[in-house]
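Biologist: Could you take a close look at one part of this model for me? I'd like to see how a single residue sits in its surroundings, and then how the element around it packs.

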Amino acid sequence: MAKNRVVTVERVIPVAPQKIFDLLADPSMHPIIDGSGTVKSARERNPERLSLGARFGMGMRAGLPYRVTNKVVEFEDGKRIAWRHYGRHVWRYELEPVDGGTRVRESFDYRKAISPQVLELTGVPRKHVGNMEKTLERLEEHFRA
């Protein structure tokens, strides 16, 4: 359990922040970089580029297929983007230029989640650490291709 109900991983990726941000702001790319294996497809009516307040949907699968609609709740072009869905937990990416590229910080913030205790009892925050590490690895691999 994260004491402050935010779990975070980070990785330096040898790519400019704006290029990484542009990929994160494209919902069609989310299934490609997702390290959890649950994001299966982007819905057809998504915006091409996310912005503050934008809504976008994903086809998901964790055992059974389901759909989620996310809303962008933080947006600072080239620096920070975050979204949440009905559970009210937030997925956040923060980008910081550093020597050799960009420090990418991904966070799962469940401070305002509907049921943070249920998330903790089921081990969700702990599982997300590994999933987020895989996401950042896939993000870096995308730019190597």
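Modeller: H142 is partly exposed, with a relative accessible area of 30%; that label covers what lies between buried (under 20%) and exposed (over 50%), using a 1.4 Å probe and protein chains only. Bear in mind that this is a predicted model, where local features need pLDDT of at least 70, side-chain atom pairs count only at pLDDT 80 or more, and totals for chains, interfaces and linings use all residues. Numbering runs from 1 along each chain as its sequence is written, and side-chain values use heavy atoms, with hydrogens and water left out.

Leaving out residues up to four places away in sequence, H142 touches L23, M29 and I32, a contact being heavy atoms within 4.5 Å. S41 is 101 residues from H142 along the chain, and their C-alpha atoms are 17 Å apart.

H142 belongs to helix α4, helices here being DSSP runs of H or I with at least four residues and strands runs of E with at least two, numbered from the N terminus. α4 covers residues 124–144 and reaches 30 Å from first C-alpha to last, close to the expected 30 Å, which is 1.5 Å times one less than its number of residues. Its buried residues are V124, P125, H128, N131, M132, T135, L136, L139 and E140. An α-helix has 3.6 residues a turn, so residues three or four places apart point the same way. The buried residues of α4 pack against β1, α1, α2, β6, β7 and α3. F108 shows this well: its contacts beyond four places in sequence include V124, P125, H128 and M132.
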